[in-house]
Amino acid sequence: MTGNVGGIDRILRIVAGLVVLSLVFVLEGDMRWWGLVGLVPLATGLFSFCPLYSLFGFSSCPLKGRRN
């Protein structure tokens, strides 16, 4: 499993995941469980791997061995 999420993308995923996950504590009733959706961007940011990126052959990691 090679990482395909890098840099700014990774930071934004972690922040967005934490914000959405905080809805579990802010909302009331059945709507609060929608906050668990925040686990997805949080996990993909922490592990630097997104299964959808792999499926579509996309990567936001910088190229290794890149020459100017």
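This section describes the fold, confidence and cysteines of a predicted model. Residues are numbered from 1 along each chain as its sequence is written, and side-chain values use heavy atoms, with hydrogens and water left out. Because the model is predicted, local features need pLDDT of at least 70 and side-chain atom pairs count only at pLDDT 80 or more, while totals for chains, interfaces and linings use all residues.

The mean pLDDT of the chain (the predictor's confidence in each residue, from 0 to 100) is 90, and 93% of the residues score at least 70. The chain contains four helices and zero strands, assigned as DSSP runs numbered from the N terminus (helices H or I, at least four residues; strands E, at least two). The radius of gyration, taken over C-alpha atoms, is 15 Å, well over the 11 Å that the globule rule gives for 68 residues, so the chain is more spread out than a compact globule; the rule is 2.2 Å times the number of residues to the power 0.38. The C-alpha trace spans about 55 × 20 × 15 Å along its principal axes. Confidence is lowest in helix α4 (residues 51-56), with a mean of 92, and highest in helix α3 (residues 39-47), at 96.

Of the 68 residues, 25% are buried (under 20% relative accessible area, with exposed over 50% and partly exposed in between; 1.4 Å probe, protein chains only).

The structure holds zero disulfides (pairs of cysteine sulfur atoms within 2.5 Å). The sulfur of Cys61 lies 11 Å from the closest cysteine sulfur, in Cys50, too far for a bond. Cys50 counts as buried at 8% relative accessibility, whereas Cys61, at 27%, counts as partly exposed.
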